[in-house]
Amino acid sequence: TAVGFGMDPDLQIDIITELDLVNTTFGVTQVSGLHNASKAFLFQDVEREIHAAPHVNEKLIQLFRNKSEFTFLATLQQKASTSGVILSIRELEHSYFELESSGLRDEIRYHYRFNGKSRTEVFPYRLADGQWHKIAVSLSASHLLLHVDCNRIYERVIDPPETNLTPETSLWLGQRNRKRGFFKGVIQDVKVIFIPNGYITQCPNLNRTCPTCSDFLSLVQGIMDLQELLAKMTAKLNYAETRLTQLEDCHCEKTCQVNGLIYRDKDSWVEDDHCRNCTCKSGVVECRRMSCPPLECPPDALPVHVESQCCKVCKAKCIYGGKVLAEGQRVLTKSCRECRNGVLVKVTETCPPLNCSEDDHVLPENQCCSVCRGHNFCAEGHRCGENSECKNWNTKATCECKNGYLSVQGDSAYCEDIDECAAKMHYCHANTVCVNLPGSYRCDCVAGYVRVDDFSCT
C-alpha cells in the first residue's frame with residue numbers, strides 16, 4: 001500500500017487540492033506555510049463557505065464505506081485563544097467526523113456518531129497558541145490515537161464510529177457549516193488516508209520497530225544507572241529498618257506546628273484571619289470554614305461584614321436620593337456623608353492628593369475620595385476567603401471563586417469545593433471511577449483495568 005514515504009493515491013484525499021482553494025474560495029488567502037512543499041492558506045474572513053463539490057463528496061463516501069481504519073492529518077497555525085472547526089464531515093446537523101479546537105477551554109474535541117447518536121471525545125490540550133503544529137487523529141475500529149507534533153498525546157478505546165456515510169454527506173474545511181465554527185489561522189497539508197497507522201506518513205521517524213546501536217547502548221547505560229541507584233536505595237532502606245526497630249517500643253505522638261505554636265493530636269483552635277475551625281489529626285492540620293446561619297434582615301437593614309467577625313450582621317441602612325446605602329458606605333453631596341446606624345453622618349476627613357491628571361480621576365463606588373485610574377483596591381485589604389481571589393475593577397474590587405469552587409450562599413468571598421463527580425462535571429470514561437479532589441478530580445481505574453490516559457482505562 002505504501003511505497004517508501006509515498007501513498008497510494010487511491011487510498012487518500014488531499015483536501016486542499018480537491019477544494020481548489022487557489023481559484024474559487026472567497027475569504028481565504030494563500031500564504032507561506034511551515035514549508036514550501038505544499039500550499040498553505042490563511043482563514044480569517046468569517047463570510048466564507050468552504051465545502052467540497054459533489055464529486056469530491058462522492059469519492060469521500062466511497063473511501064469511507066466499510067472502512068474501519070483511517071487517519072486525518074493536518075499542519076496548522078491557529079490564532080491564539082480562538083476556537084474553530086478544522087474539518088467537518090457531516091449530514092445536516094449530524095457529524096460523522098469533526099475535529100474542533102477550543103482555545104477558550106484549551107481542548108481538542110472529536111465529534112462522531114455511534115448507533116445513530118452523537119458522541120464527543122474531549123482531549124485537554126492547548127492547540128490554539130499561535131504556533132505551528134502537526135496533528136493526526138487515527139481510528140482503528142474502536143481504538144483512537146491522537147498525535148500532536150509527532151508525540152502520542154492520547155490513546156483511548158471508544159465506541160466504533162459510523163463510517164457508512166449517506167449520499168447527503170458533505171465535507172467542510174475550516175468551519176462546521178455556513179454559519180458556525182469558523183477557524184482562524186493557517187492550514188496546510190490536510191489529508192484523509194485509509195491505511196493502518198496512517199500517522200506514520202506525517203512522522204516517518206515513528207516507524208521504528210528495532211532499536212539502533214545508540215538506542216541499545218543508552219538502554220544498557222540506563223540499566224547500569226538503575227542498578228547503582230537500587231544498591232544505594234537498598235542500603236538506605238536497611239538503615240531505616242534498623243532505626244524503626246529501635247523505635248518500635250517508643251510511643252510518639254504526632255503534633256502540628258502552626259505560626260510558631262505547637263498543637264497536640266486532636267487539639268482544635270480557631271483561625272480568626274480565615275474564619276476557620278482547625279483540628280490537629282495525626283500531625284496533619286485539617287480546617288473547615290465556619291458555617292454562618294442564614295441571615296434574614298428586616299426591611300430597614302442590610303447584611304454587612306463587621307471587623308473581627310466572620311459572619312455578616314444586620315445593620316440599619318440609609319436612603320439618600322433614592323440610593324440605598326449599607327453601613328459604612330459613603331455618598332458625596334455638598335460634603336461627604338457616611339451611613340452609620342441608619343443615619344447619614346458628615347465625614348470631615350480630607351482626601352489625599354493624587355499623582356495623576358484630572359482626566360484619570362475615578363470615584364470608587366460608595367466612597368467620597370477619588371483615586372487614579374488603575375488603582376489597586378485589593379491592596380487595601382479587600383477581604384476574600386482562601387478559595388476565592390480578589391479582582392480589581394475600575395471603581396471597586398470583588399471576590400471571585402477559584403476554578404473548581406462555588407460561592408457559599410451567593411457570597412463569592414467564601415467558596416466551597418465543587419464535587420465534579422456528584423455533579424457529573426467530569427471527563428471520566430468507562431472503566432473508571434471519578435474521585436473528587438479540592439478544586440479538581442481524578443479518574444481511577446476499576447479493579448482489573450489498566451490506565452490508557454488521565455481519563456480512560458482498558
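Predicted model: local features only at pLDDT ≥ 70, side-chain atom pairs only at ≥ 80, totals over all residues.
## Around Ser-101

Setting aside neighbours within four places in sequence, Ser-101 is in contact with Gln-78, Thr-82, Ser-83, Gly-84, Ile-86, Glu-107, Leu-127 and Ala-128. With Gln-78 there is also a polar contact, side chain to side chain, at 2.6 Å.

Ser-101 belongs to strand S6. Its relative accessibility is 0%, so Ser-101 counts as buried, the cut-off being under 20%.

## The sheet that holds S6

Strand S6 (residues 94-102) pairs with strand S5 (residues 83-91) in the antiparallel sense, over 8 bridges. Along this pairing, Arg-90 stands opposite Ser-95 in S6.

Stepping back, S6 and S5 are part of an open sheet of 5 strands, with antiparallel pairing and the order S8-S7-S6-S5-S12. The edges are taken by S8 (117-124) and S12 (170-173); each has a single partner strand, so one side of each is left without a neighbour in the sheet. On average, neighbouring strands of this sheet are turned by 10° against each other, direction ignored.

## Domains along the chain

The domain assignment divides the chain into domain 1 (12-202), domain 2 (261-289), domain 3 (297-342), domain 4 (350-416) and domain 5 (418-457). Between the centres of domain 1 and domain 2, taken over C-alpha atoms, the separation is 54 Å.

## The annotated EGF-like stretch

An unreviewed UniProt entry places the feature "domain: EGF-like" at residues 417-456. In the model, this span is 0% helix and 42% strand, and its end C-alpha atoms lie 24 Å apart.

Key: Residues numbered from 1 in each chain as written. Heavy atoms only, no water. Domains from an automatic or database assignment. UniProt positions renumbered as here; feature names shortened; annotations may be inferred. Helix = DSSP H or I, 4+ residues; strand = E, 2+ residues; numbered from the N terminus. Pairing = 2+ DSSP bridges. Axes fitted to C-alpha atoms, helices over the stretch in contact; angles between N-to-C directions. Buried < 20%, exposed > 50% of the residue type's maximum accessible area, 1.4 Å probe, protein only. Polar contact = N/O pair within 3.5 Å; in protein donor to acceptor, adjacent residues only side chain to side chain. Contact = heavy atoms within 4.5 Å.
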